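Biologist: I am new to this structure. Please walk me through how to read it.

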Amino acid sequence: MEENNQNFEFDFANGKFKNESDATQIADRRENSADVVKTNGLCKIYKDKLAVNDVYATIKKGDIYGLIGKNGAGKTTLFKLLLGLAKPNQGTLELFGSSENLLESRKKIGYLIEYPAFAAKLTAYENLKYLALQKGCFDDAKIRNLIDLVGLGGETTKKFSDYSLGMKQRLGIAFALLGEPELLILDEPVNGLDPEAIQAVRNLLIRLNREKGMTILISSHLISELSKVATCYGVMANGKLIKQITEDELNETVKPYIKLMVDDTAKTVEVLKSMGATKIKLANSGTVFCFDILDKLTEVSKNLATAGVVIFSITEVDGDVENYFISLLGGATL
């Protein structure tokens, strides 16, 4: 597993960098990164249904790529195409910059799609040892390090049958990490977990990405949770990739803003511009949206009042990532 020599301080609880310059460096590094996955018009037909329909997707080295879509959108089928578990009817696929010798390239991928067959009466170490021997990658020290990495180091004697759902999921991720993959693919890894287990999985993924430089492709219905880890998103509907957007682009699209209900929109805009605002939008019924100078909310109220503008309401509204993605999918919940 390639170590990332650059350390970035990360707030695991809130899914944000503590230092704004760290986030900028991550974005810059992505811009110059090589492609780990690139699909060109990928299609898969099951009977008469296009499960994956003309998908063009790019995942760069170091991405945590969040794939969003309703059940039946084609997410799992796309994963299977990447892993060679299904054959495309049309289109091409590149892994780690090459469309040649995909079988060899896939040895660099770890995945958790369908749950591995763990033995109920074996411990985490015993299960991983057995599976590693099958894969031809057994290394005692690395397996013990993996168990510690996923947070199961304190459960040396507990049998798999006695594991909680969160513990089972972490062991599944440990299995996916056997062989030290460069790309990790996870299909709904936090589905059904309680909040504490979700946070444990989230922190693990962030550490794998930030500290090990691992590229991660993950699907999830929990958009609010995905937004705490993802650096890039893909949105699938009816087999098509309808949107691909980076974290920076998303933050620019879904920004917090000030919403003002006033009696004079023209004078309000004039006052806001005099305070340095440059991103202003008007709506009907005397509504003004301001997307900058959010740190001057009190001053905005004061200056508008001085200018004789009657303020019916002034509200700071957080950007709603979840509603943005739901709107792309037709407004229904996932």
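Predicted model: local features only at pLDDT ≥ 70, side-chain atom pairs only at ≥ 80, totals over all residues.

Modeller: Residues are numbered from 1 along each chain as its sequence is written, and side-chain values use heavy atoms, with hydrogens and water left out.

Biologist: Which residue forms a salt bridge with D35?

Modeller: K60 does, with the closest N and O atoms 3.2 Å apart. The pair links distant parts of the chain, 25 residues apart: D35 is in strand 3 (residues 35-46) and K60 is in strand 4 (residues 49-60). Helices (H or I, at least four residues) and strands (E, at least two) are DSSP runs, numbered from the N terminus.

Biologist: Is K60 buried or exposed?

Modeller: Take the rule before the case. Buried means under 20% relative accessible area, exposed over 50%, and partly exposed in between, with a 1.4 Å probe and protein chains only. K60 counts as buried because its relative accessibility is 18%. D35 has a relative accessible area of 25%, so D35 is partly exposed.

Biologist: Where does E180 sit, and where is K142?

Modeller: E180 forms a salt bridge with K142, the closest N and O atoms being 3.2 Å apart. E180 is in the loop between helix 6 (165-176) and strand 8 (183-187), while K142 is in helix 5. These distant parts of the chain are 38 residues apart. E180 counts as partly exposed because its relative accessibility is 35%. K142 is partly exposed too, with a relative accessible area of 42%.

Biologist: How many Å separate the closest N and O atoms of R202 and E225?

Modeller: They are 2.4 Å apart in this salt bridge. R202 belongs to helix 7 (residues 195-212) and E225 to helix 8 (residues 223-226), 23 residues apart. Both residues, R202 and E225, are buried.

Biologist: Now helix packing. At what angle do helix 4 and helix 5 cross?

Modeller: Axes are lines fitted to C-alpha atoms, for helices over the stretch in contact, and angles run from 0 to 180 degrees between N-to-C directions. The axes of helix 4 (residues 124-135) and helix 5 (residues 140-149) come within 10 Å and cross at roughly 130°. Angles under 35 degrees count as roughly parallel, over 145 as roughly antiparallel, 65 to 115 as roughly perpendicular and the rest as oblique. Helix 4 and helix 5 are therefore oblique to each other.

Biologist: Which residues make that contact?

Modeller: Contact means heavy atoms within 4.5 Å. Helix 4 brings A124, Y125, L128, K129 and A132, and helix 5 brings D140, I143, R144 and I147.

Biologist: What is the angle between helix 4 and helix 6?

Modeller: About 30°, with their axes 10 Å apart. Helix 4 and helix 6 are therefore roughly parallel to each other. A124, L128, L131 and K135 in helix 4 meet L171, A174 and F175 in helix 6.

Biologist: Last one. Where does T287 lie?

Modeller: T287 lies in strand 14 (residues 287-290). T287 counts as buried because its relative accessibility is 6%. Leaving aside neighbours within four places in sequence, T287 is in contact with K259, L260, M261, T265, K281 and L282.

Conventions:
Salt bridge = Lys/Arg side-chain N within 4 Å of Asp/Glu carboxyl O.
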